[in-house]
There are 2 protein chains.
Amino acid sequence: MRHRHIVKKRMEGCWEQVKGAHDAWSGWVCVLLVGVAAGTCAGIIDIGATWMSDLKEGVCLEAFWFNKEQCCWSGPSLNATSLDSAIKCKQWYSWGQMISGGSDAGSYIIGYLFFVLWALLFGMLAAMLVRVFAPYACGSGIPEIKTILSGFIIRGYLGKWTLLIKSVGMMLAVSAGLSLGKEGPFVHVACCCGNIFSYLFPKYGRNEAKKREILSAASAAGVSVAFGAPIGGVLFSLEEVSYYFPLKTLWRSFFCALIAAFILRSINPFGNDHLVMFSIDYDEPWHLQELIPFILLGALGGLFGKFFIKFNIMWCRYRKFSRLGNYPIFEVLAVTFITALLSYPNPYTRMNTSELIKLLVSRCGPEDDVELCDYGRNLNMTDTFKYSAVAGNDVHSALWKLALALIFKMVITIFTFGIKIPAGLFIPSMAVGAIVGRMMGIGFEQLIVSNPDSVFFSNMCEAPDKCIITPGLYAMVGAAAALGGVTRMTVSLVVIMFELTGGLEYIVPMMAAAMTSKWVGDALGREGIYDAHIALNGYPYLDSKEEFTHTTIAADVMRPRRNDPPLAVITQDSLTVEETESLLRNTEHNGFPVVVSRESQYLVGFVLRRDLNLAIANARKTSDGVVSNSVIYFTGHVPVNPHGPAPLKLRKILDMAPVTITDQTPMETVVEMFRKLGLRQTLVTHNGRLLGIITKKDVLRHIAQLQNQDPESILFN
Amino acid sequence: MRHRHIVKKRMEGCWEQVKGAHDAWSGWVCVLLVGVAAGTCAGIIDIGATWMSDLKEGVCLEAFWFNKEQCCWSGPSLNATSLDSAIKCKQWYSWGQMISGGSDAGSYIIGYLFFVLWALLFGMLAAMLVRVFAPYACGSGIPEIKTILSGFIIRGYLGKWTLLIKSVGMMLAVSAGLSLGKEGPFVHVACCCGNIFSYLFPKYGRNEAKKREILSAASAAGVSVAFGAPIGGVLFSLEEVSYYFPLKTLWRSFFCALIAAFILRSINPFGNDHLVMFSIDYDEPWHLQELIPFILLGALGGLFGKFFIKFNIMWCRYRKFSRLGNYPIFEVLAVTFITALLSYPNPYTRMNTSELIKLLVSRCGPEDDVELCDYGRNLNMTDTFKYSAVAGNDVHSALWKLALALIFKMVITIFTFGIKIPAGLFIPSMAVGAIVGRMMGIGFEQLIVSNPDSVFFSNMCEAPDKCIITPGLYAMVGAAAALGGVTRMTVSLVVIMFELTGGLEYIVPMMAAAMTSKWVGDALGREGIYDAHIALNGYPYLDSKEEFTHTTIAADVMRPRRNDPPLAVITQDSLTVEETESLLRNTEHNGFPVVVSRESQYLVGFVLRRDLNLAIANARKTSDGVVSNSVIYFTGHVPVNPHGPAPLKLRKILDMAPVTITDQTPMETVVEMFRKLGLRQTLVTHNGRLLGIITKKDVLRHIAQLQNQDPESILFN
């Protein structure tokens with residue numbers, strides 16, 4: 001008997017240990033699963049998007065499920081960034097070739113037609129899927145995830161339908177050739193995975209605060225798979241997305257991003273082994289005077305960010321408050337049509353935006369025969385490609401085309417970001433910046449090449465015809481500056497740019513441009529694009545970046561105001577069930593403070609409306625003798641009263657440790673407490689007596705009022 | 001008149017604007033200055049240390065103030081990592097050469113003698129300087145800076161004397177050839193700069209919390225100049241050093257680290273343009289099965305970290321509590337003597353530790369003729385160096401020497417870290433890891449080269465004699481793993497390793513090793529080396545990483561305990577000056593709660609001992625009629641009493657908004673409030689009545705008790 005008891009106890013001990021280990025490891029296991037899922041989703045989306053993008057141009061006759069690259073594997077290896085449209089590949093037939101049968105003009109027109117038609121089809125499909133199945137699947141998702149991580153709950157935003165529709169919609173939207181990227185939607189998809197998997201672990205599924213830790217890790221995985229930038233993803237989650245980021249979350253995010261990147265690398269959707277997306281092959285030193293154009297690029301990036309945000313928000317506001325908002329599918333079709341129509345003629349807009357960026361940041365090698373590399377070089381010398389040279393005619397024509405592409409991209413992106421399909425912003429912003437950077441780089445290069453003896457440039461030229469300057473570096477810096485201006489990231493931006501390009505030598509130029517871009521942007525308006533969209537949608541987001549510098553005190557903000565009716569409170573031992581029920585009916589507060597007595601107002605605790613409703617309903621159903629006249633007791637000791645009705649003891653549902661502050665507390669401290677402790681309300685006391693209550697909504701309204709904004713635009717659940 | 005008024009007003013407006021701008025920009029200007037100062041200090045230290053290190057071996061006869069490299073600039077360019085001691089350089093005379101006049105054995109012995117003597121001289125100087133002028137200048141400084149950033153104040157720890165002596169002492173300690181690094185002391189030096197410059201800006205100099213933001217940025221600059229790793233520095237500050245790290249600090253740290261790296265690059269102390277310290281020149285892909293040795297290296301790193309911490313703490317505790325602690329200079333001399341004596345014979349320990357790491361992580365190129373590169377390669381093929389080959393005899397002898405160097409480094413570092421001179425830990429830990437990694441890499445390489453047809457390795461070999469495996473990569477991963485095991489960093493570690501080596505392709509191996517190392521280390525004991533030293537010294541550091549998982553409540557922790565005398569409180573309108581003075585004499589508390597009356601105990605506010613002392617002394621000196629019998633009033637309204645002595649009004653010094661909690665608050669919440677709000681004490685109430693007080697010391701004692709540690713070892717100022 002005793003033996004059995006010991007065995008049982010030991011087994012229980014083992015079980016306890018397993019349970020303890022499970023509890024300790026469940027976080028790691030959960031982020032492992034999220035990483036695997038995010039990597040897998042990204043792989044599928046990338047494969048699908050590549051196939052459908054190629055479908056716009058032609059089809060693989062032998063096996064239609066192959067994309068262009070796979071189709072041509074049997075042929076000679078091809079340069080993916082080649083601008084030459086007549087690629088020699090036997091199995092691949094472009095639509096123009098196939099139908100017109102060879103005539104150049106006819107082939108061009110039919111190609112154009114198919115390009116536009118496929119784009120319209122993809123756009124319509126994406127818009128309809130989003131409209132019908134998952135309205136939350138539109139947009140970038142980052143503003144909403146920021147809000148969710150700050151403590152707001154949007155039901156269904158991270159559900160499995162959203163995951164499915166966002167994934168399919170993203171493939172379609174990218175294939176339609178619209179000016180949008182995949183990183184924002186990837187973050188959203190990863191967060192959906194995080195939300196779904198957290199339900200497997202009760203520790204995370206049942207606790208919203210714990211679940212937010214998983215979501216922080218998931219958003220790191222999202223950026224990690226979008227760019228192959230695991231560390232950049234962790235920093236993005238830290239700097240841009242997350243609200244509360246303890247070190248444990250840092251480690252888990254790191255792990256999650258690592259797993260996701262590893263899975264994506266194993267799936268290898270693009271068929272090349274590179275983890276580095278826009279890898280550069282140069283490491284020439286840069287010179288001190290080049291800092292001037294770099295800082296100028298930073299300033300331009302900040303300006304672009306400011307104006308992009310302004311016009312985009314203007315257009316989104318117009319959409320929201322006008323009849324346009326009722327026809328989302330029509331809007332998507334219109335934007336797709338215009339994009340497809342205008343982008344086909346210009347090779348720099350027709351090509352995939354990622355490929356454009358890759359082309360712009362790279363250096364002209366000896367074997368490159370694209371327009372941008374038409375320099376008057378003496379090809380008899382072996383290392384001539386290390387040095388800059390006078391630009392040829394093709395470079396000038398490329399500059400014109402780039403300028404047109406720049407204007408087109410800038411305008412169309414303003415109208416694209418915000419339409420009702422999945423749409424990210426990183427790649428379009430980087431493309432704009434890279435175009436400006438490459439143009440400025442070529443301009444600076446020509447300036448130096450034509451004045452090699454000038455004192456300003458003397459250290460850049462070894463000999464009059466041997467000047468070292470790399471226009472691709474300017475494109476890289478420009479891309480960072482534009483992205484920084486739009487999103488106001490700094491550290492994560494520089495790390496993402498490293499991981500994208502591998503250009504570790506160019507840390508100082510990149511940092512200088514990122515800081516300038518942020519400063520210029522902040523001087524013109526403090527909000528990044530995501531914060532601006534949060535404000536536009538009126539989400540209750542308490543920004544943790546801005547300092548609260550006003551001198552108001554808690555007494556100025558708390559409810560009730562001077563002429564309001566007194567605060568609805570519950571006494572600890574005198575209110576009857578009926579009185580409480582009428583209080584619940586007549587007010588809409590989420591909770592009520594409990595005080596010693598209505599006269600003294602000494603605070604005892606706080607009780608939630610939900611708990612109170614539930615407890616009374618339960619008591620009415622089950623407990624003997626609880627009637628409308630029963631007194632509700634929140635005290636530990638209940639006096640025995642044999643004549644009256646049975647008392648109702650509710651001490652269990654009372655929160656005995658509500659957060660309190662005094663009426664003299666500066667609002668600076670109050671805001672800090674709301675932010676750091678993640679409060680939803682705090683009670684205001686004076687000498688121990690309850691005076692009022694401050695909710696998160698009150699704080700947000702107060703901040704909006706101090707900034708002369710409309711305090712009534714703030715939502716709250 | 002009116003015109004003048006307007007002009008004056010406008011000027012005042014301008015002045016106000018300038019002042020406002022100054023206020024807004026002072027943070028940026030301050031970190032700019034800190035960055036410049038940190039970069040300059042680092043440059044001076046690097047130049048001095050290089051010169052003095054070379055002085056141990058020889059002297060430049062033409063100009064003794066030149067170091068070896070500068071001295072030999074006129075000669076042919078030299079390979080800095082060359083192991084060949086007979087370097088052909090006319091101006092440079094080694095001591096052996098100069099005195100023995102050419103005989104090899106004599107030259108060796110005299111060289112040995114001078115090496116040991118110089119080392120002893122440098123060691124003694126460093127120890128005496130620290131002992132006499134600035135006792136705080138010893139050690140790494142990171143544990144103390146962590147404690148300071150958590151809110152503790154150590155006077156003089158960041159003063160100008162510490163700055164000066166730490167800088168000079170670091171040069172001497174590095175030159176003495178001890179097994180120590182510069183990064184910890186660099187962080188300390190940068191923080192001293194931060195502290196000194198913050199006094200130029202009243203906003204930062206007068207506010208300890210604001211000053212800590214500057215110190216966080218300064219520690220980023222410290223790592224930035226130590227390794228040329230600005231982003232790694234920011235992340236180090238975030239992950240390891242800082243306690244509270246808002247986004248604004250992130251941006252400032254980023255800027256500060258950037259400026260410091262830029263200044264150091266401009267000073268260019270090593271005479272080469274590389275920002276990347278241990279730059280690698282390979283980017284061969286790694287293979288999936290190589291993850292097994294990488295993870296094994298991670299586990300070994302974690303084990304090394306655990307044992308290093310354990311023995312180092314044991315030795316430090318012995319030093320602290322035995323007579324050894326009274327002879328710090330003797331200890332330094334003994335360690336220096338043993339180090340110099342044992343390190344000279346082995347070329348891998350005689351050389352600079354940084355150079356050793358650089359040698360170990362690099363690949364054998366075609367022109368390398370060092371021992372480690374003696375492979376049986378067919379030199380008639382052009383690209384043969386891309387492939388692994390059978391190791392020659394020299395590699396085997398190098399392995400033996402490396403094994404000896406490993407044991408020596410491991411043992412001597414345990415005794416070195418903690419002696420009373422400036423000493424960092426990064427470089428020695430990385431050296432240990434790099435040795436293990438290179439040895440394992442060579443072993444794995446030979447295993448594959450001898451079994452190229454095995455199924456396990458088939459994808460690593462293109463042909464039986466064409467296997468791709470890079471032992472240098474293993475050294476890199478091993479260095480990361482050992483450093484991770486000692487410090488328990490993850491993200492910052494991987495970023496620092498990137499910035500040190502430029503090996504962006506190897507992100508997954510590095511991350512895998514760092515995570516494994518952390519997990520293994522944490523499984524064996526949760527503390528990193530810095531936390532262990534904080535605990536050893538008993539600093540009041542409330543770790544923000546560990547979760548508080550116990551179910552105690554505030555009532556269990558607060559003072560007074562059940563049988564203690566009641567809490568010393570002050571009433572708001574009945575205590576006389578004399579009674580208050582006796583209270584101040586008889587207690588040692590830092591502050592006193594103010595209540596409505598002794599009977600009711602309703603809380604009004606909190607008053608600091610310092611303020612109370614000052615106010616009473618002032619009143620006694622100046623105010624008419626304030627005598628021992630005067631009543632002290634903390635209320636707004638003071639009753640007029642013409643007969644009694646004049647009242648003393650002290651409402652001004654009363655903190656009307658002390659942080660309060662109820663006695664039922666779980667300690668988990670209390671600990672979170674202490675951490676996140678940076679509290680020093682909180683008052684405990686029940687239904688508005690004051691029950692007791694919880695100070696930071698009480699919380700730390702409680703945590704120590706729960707972990708079965710001695711609660712009395714905690715210091716507090």
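Over all chains, 20 salt bridges are found in this predicted model. A salt bridge here is a side-chain nitrogen of Lys or Arg within 4 Å of a carboxyl oxygen of Asp or Glu. One of them joins the side chains of A:D698 and A:R559, at 3.3 Å from N to O. A:D698 sits in helix α26 (residues 696–706) of chain A and A:R559 in the loop between α22 (554–557) and β5 (570–571) of chain A, so the pair ties together parts 139 residues apart in sequence. Helices (H or I, at least four residues) and strands (E, at least two) are DSSP runs, numbered from the N terminus.

As to conventions, residues are numbered from 1 along each chain as its sequence is written, and chains are lettered from A and ligands numbered from 1 in the order in which they are written. Local features need pLDDT of at least 70, side-chain atom pairs count only at pLDDT 80 or more, totals for chains, interfaces and linings use all residues, and side-chain values use heavy atoms, with hydrogens and water left out.

**Backbone features**

A:R559 also takes part in a cis peptide bond, with A:P560. Chain B has a cis bond from B:R559 to B:P560. Most peptide bonds are trans, and most residues other than glycine have a negative phi. A:N687 has a positive phi, near 50 degrees. A:N687 lies in the loop between β11 and β12 (689–695) of chain A.

| Cis bond | Omega | Place of the proline |

**The interface**

Chain A puts 61 residues in contact with 61 residues of chain B; contact means heavy atoms within 4.5 Å. The two chains bury about 6,100 Å² between them, 75% of it on carbon and sulfur atoms. Buried area is the accessible area (1.4 Å probe) that two parts lose on being put together, summed over both. A:W251, A:F254 and A:K676 supply 11% of the area that chain A buries against chain B, more than any other three residues.

What polar links cross between chain A and chain B? Seven residue pairs are in polar contact, both residues at pLDDT 80 or more. Such a contact is a pair of N or O atoms within 3.5 Å; within protein, one must be able to donate a hydrogen and the other to accept it, and residues adjacent in sequence count only if both atoms are side-chain atoms. Zero salt bridges are found across this interface.

On the side of chain A that touches chain B, α11(A) gives the largest share, nine residues. That side divides into 40 nonpolar, nine polar and twelve charged residues. Ala, Val, Leu, Ile, Met, Phe, Trp, Tyr, Cys and Pro count as nonpolar, Asp, Glu, Lys and Arg as charged, and the others, Gly among them, as polar.

**The largest cavity**

The largest cavity holds about 180 Å³ of space. Of its 18 lining residues, the closest to its centre are A:T660, A:T685, A:G688, B:T660 and B:T685. β7(B) gives the most to this lining, three residues. The lining has six nonpolar, twelve polar and no charged residues. A cavity is a set of points on a 1 Å grid over the protein atoms alone where a 1.4 Å probe fits but cannot get out; lining residues have an atom within 4 Å of a point. Points are joined across faces, edges and corners, and a volume is the space filled by probe spheres set on them.

Terms used:
1 Å grid on protein atoms, 1.4 Å probe; cavity = no way out; pocket = protein on both sides within 12 Å on 5 of 7 lines; lining within 4 Å.
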